[in-house]
Amino acid sequence: MGRWQRQILDWLKVAVSQGLMIALLIGAARLSIVPSGNVAAIVAAQAIGAAAIGLLLRLRLIWLPVQLLLPVGLVYGGAAPAWIYLLAFAAIALVSWNAPSEQVPLYLTNRKTREALARLVTESGASSFVDLGCGTGSVLASLKRSHPRLAVAGVETAPLVFALAWLRLLPLRGRGVASVAYRSLWKEDLSRYDIVYCFLSPAPMAKLHAKATSEMKPGALFVSNSFKVPDVEPERTIELGDGRQTGLHLYRPGGV
Ligand SMILES: C[S@@+](CC[C@H](N)C(=O)[O-])C[C@H]1O[C@@H](n2cnc3c(N)ncnc32)[C@H](O)[C@@H]1O
């Protein structure tokens, strides 16, 4: 199942579990099982019940906060001070700054994929690695821990996400090169790296591969998590068999 279909399915599961719980509560109120005057108790029951139904429907855990906060927000939203909304808006803007222009949302490389990348670094003998759009820096930090001599670099243009990555790599700076720059991936010189990694979206792949082809050195690996370059066969795809059905697509745009 594709990423967007999964998102839609998840939202449907949220709607079904919230709807089912509303129906259950209405039924219970009619039978006088729940006191209809106690709004806080009803909201709590709705939130917890919908979350439980969501889990039964195998809704991913990442949706738990949505399930719990949705009824609270709908009922008590008007009581919250205006600055809360401003703060929430600012946080969303700082995380998704570049999403409309780049068509790349924030989602993170999972543990299984980070482990596969570590094996790839060992197997290829790479000494430098860049994560284009490094998110919170989790890939860079885990590679730096498993391969202290590997020079790791990341570029990121979402301000809050960049700040998190920068802080995350701070304790690892003493162990050789570990840098995160607030810079667009389109401005990064790819000729310096043995492995160029990206986890973006289908939108930039053709243009990014063209950039990689003109800049990357012979033998260097271009690794795309999940998204293939259109009309270019990968040299190899590493299937991880995880929940997301991640595939790491390997290319050598600079030749062998
Ligand atoms: C799907 S996330 C992947 C994060 C990280 N690489 C990982 O795998 O965990 C893509 C990231 O690319 C960043 N991004 C999108 N366009 C970018 C650009 N032009 N330059 C730098 N970063 C960009 C986004 O802000 C987001 O953090």
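## Terms and their grounds

Q: What makes Ala118 count as buried?
A: Ala118 has a relative accessible area of 13%, and buried means under 20% relative accessible area, exposed over 50% and partly exposed in between, with a 1.4 Å probe and protein chains only; Ala118 is therefore buried. This is a predicted model, in which local features need pLDDT of at least 70 and side-chain atom pairs count only at pLDDT 80 or more, while totals for chains, interfaces and linings use all residues. Residues are numbered from 1 along each chain as its sequence is written, and side-chain values use heavy atoms, with hydrogens and water left out.

Q: Where does Ala118 lie, and which residues does Ala118 touch?
A: Ala118 belongs to helix 6, where helices (H or I, at least four residues) and strands (E, at least two) are DSSP runs numbered from the N terminus. Leaving aside residues up to four places away in sequence, Ala118 touches Leu143, Ser146 and His147, contact meaning heavy atoms within 4.5 Å. Ala47, by comparison, is 71 residues from Ala118 in sequence and 40 Å from Ala118 in space, C-alpha to C-alpha.

Q: Which residues make the contact between helix 6 and helix 7, and of what classes are they?
A: Helix 6 contributes Arg114, Leu117, Ala118 and Val121, and helix 7 contributes Ser138, Val139, Ser142, Leu143 and Ser146. By class, this contact has five nonpolar, three polar and one charged residues, where Ala, Val, Leu, Ile, Met, Phe, Trp, Tyr, Cys and Pro count as nonpolar, Asp, Glu, Lys and Arg as charged, and the others, Gly among them, as polar.

Q: Why are helix 4 and helix 8 called roughly perpendicular?
A: The axes of helix 4 (residues 82–96) and helix 8 (residues 159–169) come within 5 Å and cross at roughly 70 degrees, and the two helices are therefore roughly perpendicular to each other. Their contact is made by Ala91, Leu94 and Val95 of helix 4 together with Pro159, Leu160 and Val161 of helix 8, and by class it has six nonpolar, no polar and no charged residues.

Q: How do you know that Arg236 and Glu123 form a salt bridge, and what does the pair tie together?
A: The side chains of Arg236 and Glu123 meet at 2.9 Å, N to O, and a salt bridge is a side-chain nitrogen of Lys or Arg within 4 Å of a carboxyl oxygen of Asp or Glu. Arg236 lies in strand 6 (residues 236–239) and Glu123 in helix 6, so the pair ties together parts that are 113 residues apart in sequence. Arg236 is partly exposed at a relative accessible area of 35%, whereas Glu123, at 53%, counts as exposed.

Q: What makes Glu215 and Lys211 a salt bridge, and where do they lie?
A: The closest N and O atoms of Glu215 and Lys211 are 2.9 Å apart. Both residues lie in helix 9 (residues 205–215), four residues apart, about one turn of the helix. Glu215 is partly exposed, with a relative accessible area of 23%, while Lys211 is buried at 11%.

Q: Is Glu188 buried or exposed, and which residue does Glu188 meet in a salt bridge?
A: Glu188 has 2% relative accessibility and so counts as buried. The side chain of Glu188 meets that of Arg183 in a salt bridge (2.8 Å, N to O), and Arg183, at 33% relative accessibility, counts as partly exposed.

Q: How many salt bridges does a search of the whole structure find?
A: The search finds seven salt bridges.

Note on methods:
Axes fitted to C-alpha atoms, helices over the stretch in contact; angles between N-to-C directions. Parallel < 35°, antiparallel > 145°, perpendicular 65-115°, else oblique.
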